[in-house]
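User: Could you walk me through this one before I start on it?

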Amino acid sequence: MKTMQALPASSERIPAKRTQYRSGFRGLVRRLYVRHIRPRVRERIHQQRLKLICWDGWGYWRLFAVRQLTVRQRLHLLRRFLVVDWNVLHAHKPHEISWLSQALAERRGRPGETVIEAGCWQGGSSTKLSVLCRMLGYRLEVYDSFQGVEPREPGDTSATYDFSGEYCMPESVLRGHLEQYGEPGVCSIHPGWFADTLAARPADKPVRLVYIDCDLAKGTREALLGTVPALAPDSWIFSQDFHIEPVRSYLCDMATWRELGVVRPNIRRVGPCLAAIRFSRPTGGAA
Ligand SMILES: C[S@@+](CC[C@H](N)C(=O)[O-])C[C@H]1O[C@@H](n2cnc3c(N)ncnc32)[C@H](O)[C@@H]1O
């Protein structure tokens, strides 16, 4: 994996997600898709399949760069991930889950080590992570309200878009997808708001990777409160919400990490929405 570059503490210089698609060939393809194809393909799962075939699927190239896995394991992951992409509507991209896979596959899990997912919706990412965890010897702890994105606090106008209540899905849908396409045997599910689960009862096992996808700075903070104290020395944190300004500002703020009692980690944007966060020194959490 390449050395991570620290991002500036201020988020102003970081381009927003959408601007990256507006120019060049990708911008053209995207505009053609939005104007001519999307109106004819109404079902979102069909849109996801189309994008998978046309361009998103290429994002899995990174899986083939994971030297710690055998060719057979890489092909196994690719097959299982594609089955999920075809059947489960989700809110991430193949290249994003490939980054997580590459990070986690740096080494096998040690006894008791976990991966924590904060925000699962229908379980598309959980299902893929469960396959990876099973392969590498980790447990997967999935946290979600199952009531959608937490409503904004009254008077909160920090974000331009209000996600309140979006991605609401019952726990049974996650369980069904894990049963059908994933590895339910390595998973534990924690329903409830992060304020009452993760932040109130921080992880008690070493955490090797945290994947936060909840669309809010508040939820991101609560997920970090519940996981940073238990991070393994070579842990990774991924935020799927780096295109959302309040989340980006929160993560890039020195005060965030001071409150968590750790030095500010390196934060590297590795996709339009995804940031990879890593401490250059051990956090003093679980060894
Ligand atoms: C964008 S979706 C997750 C998508 C999923 N990772 C995927 O790739 O398909 C965001 C999820 O975060 C959950 N969520 C948001 N805020 C939360 C909070 N404060 N506590 C618990 N769950 C929350 C929502 O219920 C929703 O399922």
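Predicted model: local features only at pLDDT ≥ 70, side-chain atom pairs only at ≥ 80, totals over all residues.

User: How many helices and strands in the protein chain?

Analyst: The protein chain has 9 helices and 7 strands, taken as DSSP runs (H or I, at least four residues, for helices; E, at least two, for strands) and numbered from the N terminus.

User: And what sits around the ligand?

Analyst: The ligand is surrounded by 21 residues, the closest being His 90, Gly 119, Ser 125, Ser 145 and Cys 214, where a residue counts if its C-beta atom, placed from the backbone, lies within 6 Å.

User: Switching topic, where is Asp 215, and is it buried or exposed?

Analyst: Asp 215 lies in the loop between strand 4 (207-212) and helix 7 (217-227), and it has a positive phi of about 75° although it is not a glycine. Asp 215 is buried because 25 other C-beta atoms lie within 10 Å; the cut-offs are 20 or more for buried, 12 or fewer for exposed, and partly exposed in between, with C-beta atoms placed from the backbone.

User: What about Tyr 167?

Analyst: Tyr 167, in the loop between strand 2 (139-144) and helix 6 (171-181), also has a positive phi, near 60°, but Tyr 167 is partly exposed, with 19 other C-beta atoms within 10 Å.

Note on methods:
Residues numbered from 1 in each chain as written.
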